[in-house]
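My notebook is open and I'm new to this one. I'll jot down what I look up as I go.

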Amino acid sequence: MSATLPAEPATPPRALVAPGAWPVARRWVGWGLAAGLPLLFLGVFFAYPVLALLRLGFVGDTGGPDLSGVADVLGRARTWRIIGTTLGQSVVGTALSLVLGLPVAFLLHRREFRGRRALRAFVVVPFVLPTVVVGVAFRSVLADSGPLGFLGIDGTFAGVVAALVFFNLAVVVRTVGGFWAGLDPRAEQAARALGASPWRAFRHVTLPALTPAIASAAAIVFLFCATAFGVVLVLGGTGYGTVETEIWVQTTQFLDLRAAAVLSVVQIAVVAGCLLLAGRARSSRERALQLLPDAGPPRLALRGPARRRGDVLAVAVTAVVVGVLLVLPLATVVVRSLRTPTGWGLGNYVALGTTGGANALSVTVWEAALTSVRIAVDATVIAVVVGGLVALVASRRPRAPGARRAVRVLDALFMLPLGVSAVTVGFGFLVTFDRPFGLDLDLRSSAALIPVAQAVVATPLVVRSVLPVLRAVDTRLHEAAGVLGATPAQVLRHVDWPVAARSLGVAVGFAFAVSLGEFGATSFLARPERPTLPVVIFRLLGRPGAENLGMALAAAVLLGLMTALVMGLAERLRPAGGTEL
Amino acid sequence: MARIATHHRTRRLAPYAALAVLPLAACSAIGADPEPAASGDGAGTVVLVTHDSFALSDDVVAAFEAETGLTLETRAPGDGGALVNQLILTKDAPLGDVVYGIDTTFASRAIAEGVLEPYESPAAGADVAAHAVDDGHHLTAVDVGDVCVNVDHEWFAEAGVPEPTTLADLTDPAYRDLLVVTNPATSSPGLAFLLATVAELGEDGWEQYWTALRDNGVKVVSGWSDAYYVDFSGPSSEGERPLVLSYASSPPSEVAEGATQAPTGALLDTCFRQVEYAGVLAGAANPDGARQVVDWLLSQDVQADLPGSMYVYPVDTSVPLPDAWAQHAPLPAEPLTLDPALISEHRDAWIERWTEIVIG
């Protein structure tokens with residue numbers, strides 16, 4: 001067990017002070033601020049608009065509460081069918097993402113081989129592609145005329161699930177992989193030495209240790225599946241509406257806020273239930289992490305004496321998953337982006353410097369890309385600060401039961417943005433931010449609202465990336481440091497920060513990726529003078545002609561490359577050498 | 001040992017973090033440019049609320065700003081349906097001064113909800129009057145566009161099958177499994193096509209028609225780009241269906257450079273007319289500027305710019321169309337239409353019924 005203690009000796013007089021003498025009041029103020037800032041952020045930019053919109057749905061024409069919609073909406077057979085579809089898709093999508101994602105996470109985080117970094121960055125690309133692009137790409141593969149048309153799953157449940165896995169594999173690989181990388185392999189080695197089969201050792205030693213990270217990933221993936229919008233709309237054909245698409249249709253097309261509000265509450269209930277389950281799975285397994293000793297992961301060896309059966313399996317699964325699920329649709333995008341009206345070539349990429357055929361855009365694609373990056377920087381900073389604070393507070397295990405419960409609630413609260421429909425948040429902004437809290441300040445047209453909205457979505461991902469790692473810090477280290485006279489700030493700096501920093505790369509990468517690819521909230525807020533890259537792609541895809549299609553796909557490739565690049569760079573945020581402690 | 005390693009690590013991390021954060025902070029978007037003036041000042045800014053397909057040429061906008069001294073700011077909070085619904089939700093604190101992009105299918109709802117202020121533009125001629133929604137001049141027609149079934153000429157030539165021409169033809173077994181359309185609940189052309197069938201077959205006949213269409217293998221997808229770029233067999237996609245729901249204005253985009261024949265065409269007897277309207281928003285901070293925008297939208301400059309920038313036809317029929325349009329995208333002489341009030345009254349019920357019939 002490696003101990004991490006303050007590097008500089010604490011000042012002698014303080015070392016003589018009894019443990020716990022650091023003024024309790026000041027400590028409470030510190031933690032209060034650390035929890036209060038994120039709560040304020042979430043309250044203003046999420047709870048307030050969402051509640052305002054829900055209120056509209058539950059207020060009758062006379063101004064009193066009107067709950068007749070509840071019975072009406074819940075009395076429809078269609079509603080229950082939709083809820084069933086949503087749960088079915090989410091459960092199967094989550095299970096498959098985990099089953100397929102774990103071997104990939106193992107390979108990319110526990111084995112060293114050439115191209116590992118590139119592959120890690122590549123796996124995240126689908127996560128940010130706009131759903132319009134994924135829709136065209138995926139359906140091009142699955143449609144009767146496509147390479148996988150023979151499967152006949154276009155517009156079916158299987159097609160939607162495949163797309164959900166395509167999007168969410170990155171979440172499993174990154175969240176679990178990042179945690180796995182820091183796991184001490186010696187426990188498993190010891191089990192093997194004592195005669196356990198590799199599978200048995202994995203099942204009884206490694207898997208339990210991974211459970212908090214797996215539960216984290218499962219919760220996120222489930223929420224993403226349950227609230228997937230564009231993919232379901234595009235790939236589900238028409239028979240597979242989910243709660244999320246139904247909220248969208250009821251709100252934007254029918255303006256039936258009553259039905260939308262009832263469905264939103266149903267969605268929030270499902271989400272809360274799922275968070276509760278995931279929280280149970282996590283907390284029962286959480287314990288101090290056995291950290292990796294000063295050695296990088298072993299090199300992958302598929303033949304020769306060092307060959308391991310688990311590696312072969314992981315490589316096989318990864319090859320199939322990456323090859324069929326990721327490469328095929330992405331390759332479709334790349335290949336079609338190289339097709340111009342005058343034949344094959346880079347013409348569509350040259351056109352990125354223009355405003356498109358027949359003036360389709362108001363800015364060039366490059367300008368839109370720059371706007372996206374700028375917004376993503378802001379969103380990332382906000383999300384990392386807010387999410388980091390939440391993770392820090394939620395990683396504490398205070399002795400008072402009330403405080404413990406408060407910590408758990410804080411953790412769960414910040415997952416909610418993943419589970420509430422973007423339409424609800426977007427429309428909520430519109431009805432509340434003309435005069436937020438009665439202030440004479442129209443925020444609805446403020447440019448700052450876009451990164452803020454994206455940060456609300458990205459924050460849960462930051463929390464889920466950082467929290468399992470922080471929770472794995474042995475609390476005895478905090479206590480020991482306290483006993484030795486370290487101030488809380490010193491404890492944070494020397495005990496928590498070095499451990500948290502390793503997950504920061506993942507967190508930053510995710511936040512950036514979410515922002516780059518985010519479309520839901522942006523489409524409500526973006527001002528046309530300054531469209532983001534996904535907005536531009538959406539517009540180009542909305543115009544007829546090979547020229548615009550080609551340019552849209554070239555822009556999608558650009559977005560994918562930017563994501564891969566950012567993920568690669570974020571990875572470098574972590575210390576070089578691959579050693580963790 | 002571990003202690004030393006950790007210490008090292010922290011130190012090594014610091015420059016990375018600094019390197020990463022500093023240039024990033026410099027390219028932040030917040031504060032990168034001054035906030036445009038809010039609509040509240042009423043002095044030099046006029047805020048145009050529109051749908052997310054809005055695009056006019058920069059020079060046309062610049063000319064307007066130079067001429068009037070106004071700064072035109074645009075906001076596009078979603079597609080046509082979302083736009084109207086947002087205007088309704090925010091009518092106590094309007095999103096801007098003037099709206100452009102309310103179409104036939106939502107026009108009556110917008111007027112009934114009191115979102116609009118009456119204004120009769122002096123620039124409005126007979127063409128605008130012909131498309132009036134009500135007598136109160138709440139909405140001014142700016143452009144028209146027709147949603148029509150498009151056909152892949154090459155496919156039919158190769159297959160040796162005559163092209164269909166009417167809506168009734170589409171239920172003919174000869175055209176089994178050849179048509180792809182979009183869902184009226186999620187796409188505006190899809191809704192227009194549903195309305196076309198109601199206009200053609202009446203409130204009693206459209207349901208049987210869709211049953212027949214469903215039995216004849218019509219494919220329904222959720223959005224236009226999906227239908228056009230995945231399922232349609234036309235030159236810019238790889239699909240298998242030679243009949244797709246699109247616009248009368250789509251064929252010119254498919255004409256290769258130097259070619260004289262369009263590889264696709266619109267079936268002019270299947271078209272439903274969509275008119276897009278502009279109007280002054282009730283409670284506008286700058287109502288005078290709003291009225292100037294409406295006048296400007298009817299000007300020759302904007303009207304002539306519409307086909308190239310927004311793929312729609314100018315409402316003013318005296319404005320010449322681009323050559324390619326004149327050649328490959330004639331506007332149907334007798335498109336199908338429905339009274340906006342009738343649409344407003346039945347739209348949701350029709351969509352619901354359609355969902356039952358076609359999707360189940």
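I started with the fold of chain A: it has 24 helices and two strands. Here helices (H or I, at least four residues) and strands (E, at least two) are DSSP runs, numbered from the N terminus.

Before going on, I noted that this is a predicted model, where local features need pLDDT of at least 70, side-chain atom pairs count only at pLDDT 80 or more, and totals for chains, interfaces and linings use all residues. Residues are numbered from 1 along each chain as its sequence is written, chains are lettered from A and ligands numbered from 1 in the order in which they are written, and side-chain values use heavy atoms, with hydrogens and water left out.

Next I checked burial. Of the 581 residues of chain A, 58% count as buried, meaning under 20% relative accessible area (1.4 Å probe, protein chains only).

Then I looked at contacts, that is, heavy atoms within 4.5 Å. In chain A, taking contacts between residues at least 6 apart in sequence, 79% join residues at least 24 apart.

I picked one residue, I214(A), which sits in helix 9 (residues 198-226) of chain A. Is I214(A) buried or exposed? I found it buried, with a relative accessible area of 15%. Leaving out residues up to four places away in sequence, I214(A) touches L98(A), L102(A), V176(A) and L207(A). I also looked up G560(A): 346 residues separate it from I214(A) in sequence, and the two are 26 Å apart in space, C-alpha to C-alpha.

Last, I turned to chain B. Its helix 3 (residues 80-89) is mostly covered, with nine of its 10 residues buried. Among them I noted G80(B), L83(B), N85(B) and I88(B).

Methods:
Buried means under 20% relative accessible area, exposed over 50%, partly exposed in between (1.4 Å probe, protein chains only).
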